[in-house]
Amino acid sequence: MMQLDQWSGGLWPYAALVLFGFLPSEVWRMLSVFIGRRIDEASPLLEWVRAVSTALLAGVVANIILTPSGALASVPLFARLGAMAFGLGVYAITGKSVIGAVLAGEAAIIFFAWWFGG
Amino acid sequence: MSEPQPLTNKTDAAAPPISSWGWFGRGFRHAARLPMFVMALTFLGIGSLAHEANVSLGFALASTLLIWAGPAQVIFFGAVIQGLPLPAIALSVSLSSVRLLPMCVSLMPWLRRRDQGLGVALYTAHLIAVTGWVESIRRLPDMPEASRLPWFLGLVHGLVFAAAISTIAGYWLAAEVPREIAAGLLFVTPIYFTAALVRNVREPVDGMALAFGFALSPLLKPFVSAGFDLLAVGVIGGTAAFLGQRWLNARRAGGAL
């Protein structure tokens with residue numbers, strides 16, 4: 001079977017990128033152009049698709065927090081959830097500042113990583 | 001994000017209307033407030049992963065510009081490092097990018113124009129990824145119709161710019177960072193998206209979709225094969241939230257009688 005790193009120079013790696021990276025990913029966006037053109041702005045279908053997207057993204061976040069990989073896995077679960085709660089707490093008291101949430105959450109997770117790393 | 005930038009054209013009749021490039025600039029500046037930094041931190045990791053995968057810098061940069069989906073790139077380079085066969089790589093990449101379908105479908109109606117050519121529509125759709133979606137899905141509907149597309153294009157080109165610079169930086173540095181910093185880099189995505197999703201909550205449906213999605217993820221994982229689990233979380237959680245909102249609406253309407 002062909003491997004990417006065996007493909008010698010030139011434009012071949014880029015052809016592989018287009019065929020095995022770009023197109024498999026882009027096909028969903030292309031499909032959306034044809035579906036999205038038929039949906040009215042006020043359609044309940046649009047509200048449903050937005051809810052699906054929101055739930056999906058929340059699932060992505062839950063995946064990273066509950067079953068992390070790499071260095072994040074060295075921080076215990078309650079500390080990961082704690083850092084998340086701290087970030088959201090700062091979000092709430094700073095008048096919905098997403099920047100505040102990110103900075104606070106980052107400070108907390110870096111502290112926990114240091115605290116539980118020793 | 002404590003002071004959201006004005007999104008509606010509030011200028012009085014005397015002031016000149018904002019041009020398309022003016023809206024593009026506002027979108028770009030919105031990206032520069034936080035999302036560009038989030039992108040930069042995320043793509044440092046992707047640049048360094050590309051270096052580890054032993055591809056050229058040009059290839060790494062092209063992967064960011066062409067694939068334009070962080071998780072798909074992580075899967076792509078991870079699979080290249082493992083030496084998986086190319087068709088298997090393509091399948092994993094495609095499965096991870098299914099998430100782009102509902103995101104693009106929910107955003108496209110706000111970005112289309114009557115005389116829009118297919119090329120412009122495909123290019124616009126190409127630029128939609130999770131960060132651009134979460135920053136614009138709740139803003140675009142409140143904006144003047146003519147400003148939506150240029151504002152969005154300014155936003156996402158800001159994101160592309162940050163990601164491209166950061167892919168190069170990550171490729172060059174490709175350094176081992178202290179574990180604390182590595183944990184911090186991996187935490188940027190969850191904390192940013194959670195706060196941005198909470199900010200986007202306008203109606204019960206949004207809060208329910210967020211809560212159901214988070215709760216369903218660990219519940220469904222053992223039962224749905226990898227790759228399809230997120231799709232199941234999205235469809236089941238999103239449908240439940242949508243029906244919940246319908247039920248609330250019906251009850252409200254019933255109570256008013």
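Q: How many residues does the contact take from chain B and from chain A?
A: This is a predicted model. Two chains, A and B, meet in it. Chain A gives 75 residues to the contact, and the count from chain B is 82.

Q: Which helix gives the largest share of the side of chain B that touches chain A?
A: One helix of chain B supplies 19 residues of this side. The helix covers residues 179-199. It is helix H10 of chain B.

Q: How do the residues of the side of chain B that touches chain A divide by class?
A: Charged residues number 6 on this side, and polar ones number 17. The remaining class is nonpolar, with 59 residues. The division is 59 nonpolar, 17 polar and 6 charged.

Q: Among contacts in chain B between residues at least 6 apart in sequence, what percentage join residues at least 24 apart?
A: Take the contacts in chain B between residues at least 6 apart in sequence. Those that join residues at least 24 apart make up 77%.

Q: How many residues does the contact take from domain 1 and from domain 2 of chain B?
A: The domain assignment gives domain 1 as 20-185 and domain 2 as 201-257. Their C-alpha centres lie 26 Å apart. The contact between them takes 6 residues from domain 1 and 5 residues from domain 2.

Q: What distance separates the end C-alpha atoms of helix H11 of chain B?
A: Helix H11 covers residues 204-220 of chain B, which is 17 residues. At 1.5 Å a residue, they should span 24 Å. The distance between the end C-alpha atoms agrees with this: 23 Å.

Q: Is B:Ser217 buried or exposed?
A: B:Ser217 sits in helix H11 of chain B. It has 27 C-beta neighbours inside 10 Å. The cut-off for a buried residue is 20 or more. So B:Ser217 counts as buried.

Q: Which residues does B:Ser217 touch, not counting residues up to four places away in sequence?
A: Partners come from both chains. Chain B provides B:Val233. From chain A come A:Gly59, A:Ala62, A:Asn63 and A:Leu66.

Q: Why do the buried residues of helix H3 of chain A line one face?
A: The buried residues of H3(A) are A:Arg80, A:Ala83, A:Met84, A:Gly87, A:Val90 and A:Tyr91. An α-helix has 3.6 residues a turn, so residues three or four places apart point the same way. Seen down the axis of H3(A), its buried residues line one face because they fall within an arc of 125 degrees.

Q: Which residues are exposed on the other side of H3(A)?
A: The buried residues of H3(A) are covered by elements that include H2 and H4 of chain A and H10 of chain B. On the other side, the exposed residues are A:Leu77, A:Phe78, A:Leu81 and A:Ile93.

Definitions and conventions:
Residues numbered from 1 in each chain as written. Chains lettered and ligands numbered in written order. Predicted model: local features only at pLDDT ≥ 70, side-chain atom pairs only at ≥ 80, totals over all residues. Contact = placed C-beta atoms within 7 Å. Helix = DSSP H or I, 4+ residues; strand = E, 2+ residues; numbered from the N terminus. Nonpolar A, V, L, I, M, F, W, Y, C, P; charged D, E, K, R; others polar. Domains from an automatic or database assignment. Expected span 1.5 Å × (residues − 1). Buried ≥ 20, exposed ≤ 12 C-beta atoms within 10 Å, placed from the backbone. Arc of directions from axis to C-beta.
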